[in-house]
Amino acid sequence: IPHSGYTKINGMYLLRHRRGLAEAVSNLTGIHVDDVLVLDFARFRQALHLVPGILFKVDRPMRAPEGDVSLAPGTHVLSPTEALTVVRFRHEPLGDIGRVHRQERFMRSAVQLASRLPFGIFRRVMLTLDPQLSGRDIFLSYEMVHPLLQYHAHSVPGNFSTGQEVSY
């Protein structure tokens, strides 16, 4: 935060909303961020109810914090609640870093699925995820994934660090 120090990403969103978060991440990483997608657990599950299940390879036993989902290693067609468990799970040797890598794998599967959706369903999914998205942004997103030839995602290189009671 300019003239104030550091906070976690979620904290930055609460303080400065979408634009402030995009600017902060751009300043921190040196990578231009056009915008951010804001969603919560309920919207995530609601959006996934609109599409067929996502095919995903679970690499370790996972259990939801609420105890309502337990996944064994192997390939699964995830229900919306199981998908939320996959992206939230963090009890593993690499902690949050392992979770981020699994979220990247999940996004690859989600983008592959999105690339096969008709526009009407794609639009409903996107508006469910973030009702503030403009029609133009939804159309541009659809055009980017139809037809999808390749999808690449990666974590920005870095090291674990802590300071000022916040970990990075």
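**Exercise 1.** Find out which residues make the nonpolar surface patch of about 250 Å².

*Solution.* Phe 119, Phe 139 and Leu 140 make this patch. Areas come from the Shrake-Rupley method with a 1.4 Å probe, and for residues only the protein chains shown count as cover. Now check Phe 139: its relative accessible area is 43%, so it is partly exposed (buried is under 20%, exposed over 50%, partly exposed in between).

Before you go on: this is a predicted model, where local features need pLDDT of at least 70 and side-chain atom pairs pLDDT 80 or more, while totals for chains, interfaces and linings use all residues. Residues are numbered from 1 along each chain as its sequence is written, and side-chain values use heavy atoms, leaving out hydrogens and water.

**Exercise 2.** Work out how Gly 53 sits relative to Val 77, Leu 78 and Pro 80.

*Solution.* Start with contacts (heavy atoms within 4.5 Å): leaving aside residues up to four places away in sequence, Gly 53 touches Val 77 and Leu 78. Next, take C-alpha atoms: Gly 53 and Pro 80 are 27 residues apart along the chain, yet 7.5 Å separates them. Finally, with a relative accessible area of 36%, Gly 53 is partly exposed.

Note on methods: Patch = residues over 30% accessible without salt bridge, like charges linked within 9 Å, V, L, I, M, F, W, Y side chains within 5 Å. Salt bridge = Lys/Arg side-chain N within 4 Å of Asp/Glu carboxyl O. Buried < 20%, exposed > 50% of the residue type's maximum accessible area, 1.4 Å probe, protein only.
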